[in-house]
Amino acid sequence: MKRTAARLRAKMPIHVLAIGSSSTQGVGASSPAASYPARLELALEQRFPGAIVEVINAGKAGETADRTLERLNVELDRVEPDLVLWQVGTNDALNISVTEPKFEAVVERGILSIERHKSDLLILDPQFTKRIKDPARYERFVQTLERVAEKEQICLFSRYHLMKTLDASSDAGVEPLLAPDGLHMNDAGYACIAERLAGQIQDLVTRPDL
């Protein structure tokens, strides 16, 4: 997160590219203003007074990682982002035609593209949901992202573990954060993710070694 940290310290504008599938687009939200990218823009400006932050929403519902990768270079050239937020893995885990090695290879190629553009990167893993037929497969895709992030020294925001922990520790479970379909988030869910993500970004860019 060195580029983002440097620009924030210098009071320079920050351009953030949020790319991914329905969780980025905002499926389940009452309006585009309630999506996580829109909420995150406000949350970051509140945490960094005087900062000019623009979060560009490049989410497209239903995409697997390979489809997002097809758009990624175009969006990187168009936005020239300081920070990329790549929400990835849910649709791949739900699509039985996608193997774990194929998924991992696609993510690796995406990381290389973002590094070539000299943008910072933070990966968002799949959301936790109880409405899946093969929980073991779903969790393996989560673990694949954890392994890749550790290997490549990429920042990871784990929606999966955040939501799973909440589900286990709250009487209401995770359902109050979800849309009626039990998969996508609602306004409260997107607001929660945006606030937690803004907090993680703040922690990362204010580390003494940056």
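**Figure 1. Phe103 and Phe141, two buried rings in a predicted model.** Both Phe103 and Phe141 are buried, where buried means under 20% relative accessible area, exposed over 50% and partly exposed in between, with a 1.4 Å probe and protein chains only. The model is predicted: local features need pLDDT of at least 70, side-chain atom pairs count only at pLDDT 80 or more, and totals for chains, interfaces and linings use all residues. Residues are numbered from 1 along each chain as its sequence is written, and side-chain values use heavy atoms, with hydrogens and water left out. Three aromatic pairs are counted; rings of Phe, Tyr and Trp (its six-membered ring) pair if their centres lie within 6.5 Å, and planes under 30 degrees apart count as stacked, over 60 as edge-to-face and the rest as tilted. Phe103 and Phe141 make a tilted pair, 5.1 Å centre to centre with 45° between the planes. Phe103 belongs to helix α6 and Phe141 to helix α7 (residues 135-152), so the pair ties together parts that are 38 residues apart in sequence. Helices (H or I, at least four residues) and strands (E, at least two) are DSSP runs, numbered from the N terminus.

**Figure 2. The aromatic cluster of Phe128, Tyr138 and Tyr160.** These three residues, Phe128, Tyr138 and Tyr160, form one aromatic cluster. The ring centres of Tyr138 and Tyr160 are 6.1 Å apart and the planes are at 45°, so this pair is tilted. Tyr138 is in helix α7 and Tyr160 in helix α8 (residues 159-169), 22 residues apart. Tyr138 counts as buried at 1% relative accessibility, and Tyr160 counts as buried at 4%.

**Figure 3. Contacts of Leu40 in the largest nonpolar core.** A nonpolar core is a set of buried Ala, Val, Leu, Ile, Met, Phe, Trp, Tyr and Cys residues joined through side-chain atoms within 4.5 Å. The largest has 66 residues, of which Leu40, Leu85, Leu122, Leu197 and Ile201 touch the most other members. Helix α9 (residues 187-205) gives the largest share of this core, eight residues. Apart from neighbours within four places in sequence, Leu40 is in contact with Leu85, Ala194, Leu197, Ala198 and Ile201; contact means heavy atoms within 4.5 Å.

Figure 4. Most residues other than glycine have a negative phi. Glu80, not a glycine, has a positive phi of about 50°. Glu80 lies in the loop between α4 (65-79) and β3 (83-87) and is exposed, with a relative accessible area of 57%. Lys118 also has a positive phi, near 60°. Lys118 is in the loop between α6 and β4 and counts as exposed at 63% relative accessibility.

Figure 5. On a 1 Å grid over the protein atoms alone, a cavity is a set of points where a 1.4 Å probe fits but cannot get out, and lining residues have an atom within 4 Å of a point. Thr4, Leu8, Ile14, Val16, Leu44, Val53, Leu83 and Ile201 line the largest cavity. At least two lining residues come from each of α1 (2-9) and β1 (14-20).

Technical notes
On a 1 Å grid over the protein atoms alone, a cavity is a set of points where a 1.4 Å probe fits but cannot get out, and a pocket is an open set with protein on both sides within 12 Å along at least five of seven lines; lining residues have an atom within 4 Å of a point.
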